[in-house]
Amino acid sequence: MIPAERGAADMRARWTATALVLLGGLLAGCQVAVTGTAGLSDADRQLATERAQQQAAVDAALQSLEQAPALQYDATLKDGAGNPATLTYRVARDGNGFGALPLEGKSVRITEPDGQLYLAADADYWKSHGLEENSTQFGDGWVHTVGSELPVDPAARMAPPKLAGELRKALGGLGSGAPQKQKLPDGTEVYDLGGALQVTAAEPHRVTGFAPALLDPRGGPKLGAAFRVRPLNASEIKQFHTDFDGAIDAIGQPFDGLAQASVTVLNDKLDCQDYVGSCKTTVDVSNSVVGNQPGSKPSVHIKLSVEISADTLGSQTCATEGDADADATITMSCSVKFTLPNRTASYQVLAKPTAVAEVRSPVDANAVKAKLATAFAALGG
């Protein structure tokens, strides 16, 4: 018979031995679980390399874009007959630019020198912008407006450093999968990032095209689906300058797209010469202008029409035009001549004058071209 104390000691020993065996088993199991950790597969390493190459190409292309002296944008728009037509817009790094852009499906000419924006579009374009009353006259000439009236202001978003900054901001959602390549019609191989940005795969890397939506999610799509873009070389910059001067001359005295003028005809005076049949109407026309840009000095182009009628002689209409300062009064006159019967008679003559006004934004073409000459000299053009 085993003494009680010895029996208890033997049992403790057995339990201790069993616990040690179990613990040793657990330790052995942990060691097996952490050994043999797998590394990246060959496919993963290849994808990482390709993505790094694409990112390097994009970074280099955007840096080159940012430093470009001037860019040319080309877009395709269907003309009235449904045929594709190419629109071209050129812009220098300081924002000076001119050409044509596809705005809301229409070809709109834009000239933007020294921070001033001028548009030329058809009457339908102006109607779609709530200018029903002025759509006809605006559709016949240039209109002075501001960049905020456009879906995207070219000077603010499309000049070389501005475009590079906008594209960098939009890169976050592009190119997350495996790099995709395609060839342009001229055979150039490019990385295509999400169908929205194209960058040449070979050096020197450059941006060849992008979706306008990258510039602004809301306004950008109004410029169409895609732009082709390239930097201008030295000789092209010189031609850009020459063409820009011609564009300034073509602007003339544009309408002020933001201002409105009302006119009042005063002091109507009718003077008819006896035995001659000639009647002359003289009036004072005052104008009042609202909505013009602060600091601007618009002029008001006034068109006066006078219907002059006489008993049994019928009616005739004369017209004249004149320019006045804003919020000023000018005197205007016009005359008609009636054919008098071969007898002595007196007639009651009435005159009905009507005046309309257009607010103009005077352009000193020589002063603008002098500023352009300084700006292009800095670009080598």
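In this predicted model, helix α2 (residues 42-67) and helix α6 (residues 160-170) have axes that come within 6 Å and cross at roughly 155°. Angles over 145 degrees count as roughly antiparallel, and α2 and α6 are therefore roughly antiparallel to each other. On the side of α2 the contact is made by Leu62, Gln63, Leu65 and Glu66, while α6 contributes Pro160, Pro161, Leu163, Ala164, Leu167 and Arg168. Sorted by class, the residues in this contact of α2 with α6 are seven nonpolar, one polar and two charged.

The second topic is the cysteines. A disulfide is a covalent bond between the sulfur atoms of two cysteines.

Cys272 counts as partly exposed because its relative accessibility is 30%, whereas Cys279, with a relative accessible area of 3%, is buried.

The other disulfide joins Cys318 and Cys334, with their sulfur atoms 2.1 Å apart, and the link of Cys318 and Cys334 is right-handed, with 50° about the S-S bond. This pair links distant parts of the chain, since Cys318 lies in strand β16 (residues 314-325) and Cys334 in strand β17 (residues 329-337), 16 residues apart. Both Cys318 and Cys334 are buried.

How values were computed:
Residues numbered from 1 in each chain as written. Predicted model: local features only at pLDDT ≥ 70, side-chain atom pairs only at ≥ 80, totals over all residues. Heavy atoms only, no water. Axes fitted to C-alpha atoms, helices over the stretch in contact; angles between N-to-C directions. Helix = DSSP H or I, 4+ residues; strand = E, 2+ residues; numbered from the N terminus. Parallel < 35°, antiparallel > 145°, perpendicular 65-115°, else oblique. Contact = heavy atoms within 4.5 Å. Nonpolar A, V, L, I, M, F, W, Y, C, P; charged D, E, K, R; others polar. Buried < 20%, exposed > 50% of the residue type's maximum accessible area, 1.4 Å probe, protein only. Disulfide = S-S within 2.5 Å.
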